[in-house]
Amino acid sequence: MADIMRDTPALPTVTRREDYTPPAWLVPTVDLGFTLDPAKTRVTARLDVRRNGDSDAPLRLDGARQPVIAVRVDGVVFNDFRLEGDDLVIPLTGDAHIVETEVEIAPERNTQLMGLYASGGNLCTQCEAEGFRRITYFPDRPDVLSIYRVRMSADRARLPVLLANGDPVAHGSDEDGRHWADWHDPFPKPSYLFALVAGDLAVNRDTFTTRSGRTVDLGIWVRARDLARTSHALDALKTAMAWDERVYGREYDLDVFNIVAVDDFNFGAMENKGLNIFNSRYILADPDTATDYDYDAIAAVVAHEYFHNWSGNRITCRDWFQLSLKEGFTVYRDQGFSADQGSAAVKRIEDVRSLRAAQFPEDAGPLAHPVRPESYIEISNFYTSTIYNKGAELVRMLATMLGPVAFRAGTDLYFDRFDGTAATCEDFVASLEEASGVDLTQFRLWYAQAGTPRISASLTHEAGGGRATLQLAQHVPATPGQPHKSPMVIPLKVRLFGAETGRALADEQLILLTDTAETIVFEAVTERPVLSINRGFSAPVVIDSDRTPGELAFLSAHDDDPFARYEAMQQLMLDTLVAGALGSPVDHTAVIDAVAATLDDTTLDPAFVAEAVLLPSDSFVGDQLSVVDPDAIFAAREALRHDLGRALSESWRAAYAVPVGPYSYSPEAKGRRRLRNVALGYIAASGADDADALAYAQFEAADNMTDRQAALTTLVGGGSPLRDTAVATFYNRYADNGLVIDKWFQTQALSPRADTGAVVAGLARHPDFTLSNPNRARSLIGAFAVNQRAFHALDAAGKGPGYRFLADQLIALDRLNPQTAAKLLPPLDRWRRFDPVRSALMKAELERIVATPGLSKDLFEQASKSLE
Ligand code: B3K
Ligand code: ZN
């Protein structure tokens with residue numbers, strides 16, 4: 001039976017930020033003992049507890065109803081404890097005691113993958129946010145910082161490697177075939193950063209010498225057969241360690257830094273002190289099995305988790321409402337790292353694309369919440385794009401407003417002042433404020449107010465007088481629980497270009513819009529100006545401007561900010577697609593000409609060109625409409641793709657013909673591969689007779705997964721007999737590699753074909769499909785649910801089989817792994833955005849989910865809030 005403790009959904013407990021109180025008891029040191037066995041693990045915990053302040057509260061330890069075998073207080077057996085719900089309550093009379101507990105847990109029955117669990121026969125942990133309590137009874141909150149000593153023992157043959165946080169202290173063997181290891185972490189840490197791993201693992205070792213000359217032993221631990229695919233992650237780790245020293249002055253602090261890759265993991269990776277545990281998809285790579293996107297993501301996640309050592313571990317969060325303190329800042333840091341490894345412009349485009357794909361819809365829907373939320377039922381539901389990606393945008397705006405020198409002074413002050421503590425978002429902002437002297441009073445609203453601000457921008461020019469006037473107005477939309485908003489400070493980078501000469505009319509300006517409406521005057525504007533605004537995406541807002549198609553096309557060719565060029569092209573495409581989806585007569589000429597100009601501009605980086613010529617996604621077009629019509633959007637987008645493909649056929653073929661040469665993971669080679677594969681997509685969209693043959697030839701000849709998967713994507717979206725051959729060949733070639741088989745499921749689930757829903761339903765019955773592996777569940781169910789056309793397709797009876805499929809899968813997944821199930825729900829929360837038929841069908845599925853007996857609080861919170 002699944003090892004799941006279920007709360008009663010009818011009576012969910014709401015945790016509120018305003019109710020924060022400091023812990024009644026602290027635990028300066030803790031000694032843990034693990035007698036490890038996948039079936040039955042004995043855990044002993046020796047807590048040195050100290051009363052905090054003058055409360056007379058009993059010691060209350062969080063748990064998960066694991067059987068208590070013994071409790072001792074100050075060395076004496078103590079039976080006067082009580083179990084209240086999930087908590088172990090121990091009345092204590094003095095102010096300092098030694099409390100010992102002994103419990104038993106069953107890692108191999110832990111399907112939630114929170115706490116201590118088994119993956120591929122090895123044992124590992126995941127404790128953030130509240131997993132530690134599933135291991136042992138403990139004040140499982142981030143403001144209780146303890147020094148941990150850990151002793152593990154296990155069967156030497158089965159689990160030969162024993163790792164935990166910090167530094168190894170001692171190890172040895174027992175006569176009965178078991179062995180043991182002691183680890184000590186000298187840095188006080190919250191329980192969510194605890195980790196251990198016991199398994200049959202091989203290691204790729206290296207060293208890193210810090211700028212102060214200390215040698216750190218690095219190790220990446222994987223199954224022996226995966227060892228050859230760890231070098232990219234190890235290189236990224238060393239690059240990240242040096243980058244953090246150079247850019248933020250942060251040096252690593254232990255003698256050992258280990259990373260372990262596991263196949264069963266609820267999210268990307270975890271920053272446990274000195275022992276990061278990773279989803280194997282963010283570690284393992286070689287050219288034959290990982291795409292350029294995978295390589296980039298591996299480097300970004302390795303860096304992200306490493307950067308947490310300071311932004312998260314040395315300074316942690318006071319409570320989970322402060323989650324963006326570590327996550328937003330760390331995403332900002334990893335974005336900066338990735339930008340420095342290749343094209344900063346392309347990185348910015350990718351980041352904004354994903355912000356718009358996930359965070360903007362979240363901010364506009366029923367699950368909208370501020371970057372610093374006010375309440376939650378299940379904290380796991382708040383590891384959101386808003387906390388992570390909008391949180392990073394907030395830090396980016398702060399960096400923009402302060403400038404690089406003051407920003408670095410601010411982060412230095414923050415790291416210095418709060419080192420070793422559990423801090424708040426306010427502590428971070430106040431540090432930047434103090435170090436820079438910039439008043440951030442109004443900026444704090446960004447942490448408190450949800451919703452994506454909309455800025456309207458209108459530029460007028462007095463032809464004879466040389467004066468241009470920019471009218472700006474902001475509106476922050478209402479979000480759940482926040483009907484009225486105050487104006488925010490919006491940092492907008494702006495520049496004017498001359499429509500006739502194409503030259504910049506003045507330097508770039510940083511405008512801080514602080515009121516509901518403001519007028520900015522530009523003098524000495526000698527020719528008709530064109531407005532370039534929100535350059536570099538300086539604020540995470542929507543810009544509504546009255547720029548004409550001609551002006552957008554002009555900017556897409558002449559703006560000197562690459563992001564603004566991309567953005568102008570996107571806006572031009574978006575306006576065209578929205579008009580098409582609404583049934584207005586559309587002329588594709590402006591888009592075709594702008595794309596042609598970009599393709600012909602030989603000064604541009606191919607990676608940038610590849611991004612710039614891609615059309616906005618179906619979902620993003622849907623986000624612009626008051627009623628989403630998936631079929632009309634799909635048709636409009638396909639029509640534009642087709643016309644672009646045909647009209648620029650020669651350019652696409654020329655781009656496709658540029659050889660990339662033998663595989664290399666350089667920014668140049670990546671960019672050329674990207675452009676070639678985008679060109680292949682347009683050749684296919686044009687309906688060219690040879691498109692599938694071209695794709696199949698590429699599929700067969702590819703010396704890397706980027707090209708092979710791109711070819712497969714083209715074939716899977718098409719109608720030739722080569723489609724089935726490619727699908728079968730790909731499967732057979734990679735049948736023993738789970739990460740590649742995930743791609744196989746995902747590529748089919750993302751197909752634009754009309755039969756995708758039926759294909760996906762069939763794949764859910766494939767022998768390789770399982771809900772118990774989160775990567776596999778996401779690769780099929782998660783991918784299908786963001787395929788707007790397929791997910792929202794109605795059948796002949798006018799029903800929504802996609803909605804029913806998703807709800808069925810989520811209900812089944814919830815019994816195994818509530819956290820992963822809840823993460824996959826949001827596509828249904830858009831129900832208000834569709835026509836009455838779809839809307840009612842989606843709502844009915846949400847209601848069915850909420851009414852399911854024994855639902856987890858994770859899925860209950862997501863589904864019930866979606867209905868509010
Ligand atoms: N801090 C972890 C995420 C934990 C998610 C818990 N539900 C990984 C990261 O953001 O780096
Ligand atoms: Zn993180």
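**Ligand contacts and a domain interface**

Mentor: In this structure, an oxygen atom of ligand 1 lies 3.2 Å from an N or O atom in the side chain of His308, and such a pair is a polar contact when the N or O atoms are within 3.5 Å; within protein, one must be able to donate a hydrogen and the other to accept it, and residues adjacent in sequence count only if both atoms are side-chain atoms. This is a predicted model, in which local features need pLDDT of at least 70 and side-chain atom pairs count only at pLDDT 80 or more, while totals for chains, interfaces and linings use all residues. Residues are numbered from 1 along each chain as its sequence is written, chains are lettered from A and ligands numbered from 1 in the order in which they are written, and side-chain values use heavy atoms, with hydrogens and water left out.

Trainee: How much of the accessible area of ligand 1 does the protein cover?

Mentor: Accessible areas come from the Shrake-Rupley method with a 1.4 Å probe, and for residues only the protein chains shown count as cover. Ligand 1 has 340 Å² of accessible area on its own, and the protein covers 95% of that.

Trainee: How should I read the area that domain 1 and domain 3 bury between them?

Mentor: Buried area is the accessible area (1.4 Å probe) that two parts lose on being put together, summed over both. Here domain 1 and domain 3 bury about 390 Å² between them, with 50% of it on carbon and sulfur atoms. Thr111, Gln112 and Leu113 supply 81% of the area that domain 1 buries against domain 3, more than any other three residues.

Trainee: How many salt bridges does the rule find across this interface?

Mentor: A salt bridge is a side-chain nitrogen of Lys or Arg within 4 Å of a carboxyl oxygen of Asp or Glu, and across the interface of domain 1 and domain 3 the rule finds 0.
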